[in-house]
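Please consider the structure shown below.

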Amino acid sequence: MQLLIVRHGIAEERETWAPRNDDLRPLTEEGKKKMKEAAKGLHALVPKLDVLASSPLTRAMQTATILAKEYDKNEPVKVDSLVPGQHPPAFATWLKSQATRKVVAVVGHEPSLGTITSWLTAGMERSFIELGKGGACLLNLGERIEKGEAMMEWVLRPSQLRAVR
């Protein structure tokens, strides 16, 4: 299995969005535009997705919907273990339920995505990587979805994804 991990695009600033519910904080117009360009780069690098999942928070779902359109996929699956503050083993439990899939894409938030990546690749439940808004990485999980078993194929900043054609 390959796991494509994508951080949500540029969202409204937390400070200006407060005191409204942060879970509902949306992408900005610039964030949507840049994510559409990055989605084309992702599609060139990873031509096919078997499943597309997302944190249920608005900015992640909006990002996943942009990816779904680029990949001609249905609505993204909402996965609660991608909500900020969850622990990587909870995400691994969901990921194991997708074991028959070859390419799984997920959209979420930092620092949770960095922690998931660190746990899957190095077995550490603290982040050693941070994806930029709209950035992504690709992990090769092989046959085992366990801590410390994955191999990182690549990690790209959003500007690098937008430059891929």
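In this predicted model, helix α3 has a buried set made up of Arg59, Ala60, Met61, Thr63, Ala64, Ile66, Leu67, Ala68 and Tyr71. The cover over these buried residues includes strands β1 (2–7), β2 (51–54), β3 (77–78) and β4 (103–108), together with helices α1 (14–17) and α2 (29–45). The helix itself comprises 14 residues, 58–71, so at 1.5 Å a residue it should span 20 Å; the C-alpha atoms at its ends are 20 Å apart, in agreement with that expectation. Asp72 follows α3 and has a positive phi, near 55°.

Attention now turns to charged side chains. Those of opposite charge can pair when their charged atoms come close. With a nitrogen-to-oxygen cut-off of 4 Å, the model contains nine salt bridges.

One of them joins Arg7 to Glu130, with the closest N and O atoms 3.9 Å apart. Because Arg7 belongs to strand β1 whereas Glu130 sits in the loop between α5 (112–122) and β5 (136–140), this pair ties together parts that are 123 residues apart in sequence. Arg7 is buried, at 11% relative accessible area, while Glu130 is exposed, at 63%.

Another salt bridge links Lys48 and Asp50, whose closest N and O atoms are 2.6 Å apart. Lys48 is exposed, with a relative accessibility of 53%.

Asp22 and Arg25 also form a salt bridge, with an N to O distance of 2.6 Å. Asp22 is partly exposed at 24% relative accessibility, and Arg25 is buried at 6%. Through shared partners, salt bridges connect Arg14, Asp22, Arg25 and Arg59 in one network. Arg59 is also among the buried residues of α3.

How values were computed
Residues numbered from 1 in each chain as written. Predicted model: local features only at pLDDT ≥ 70, side-chain atom pairs only at ≥ 80, totals over all residues. Heavy atoms only, no water. Helix = DSSP H or I, 4+ residues; strand = E, 2+ residues; numbered from the N terminus. Expected span 1.5 Å × (residues − 1). Buried < 20%, exposed > 50% of the residue type's maximum accessible area, 1.4 Å probe, protein only. Contact = heavy atoms within 4.5 Å. Salt bridge = Lys/Arg side-chain N within 4 Å of Asp/Glu carboxyl O.
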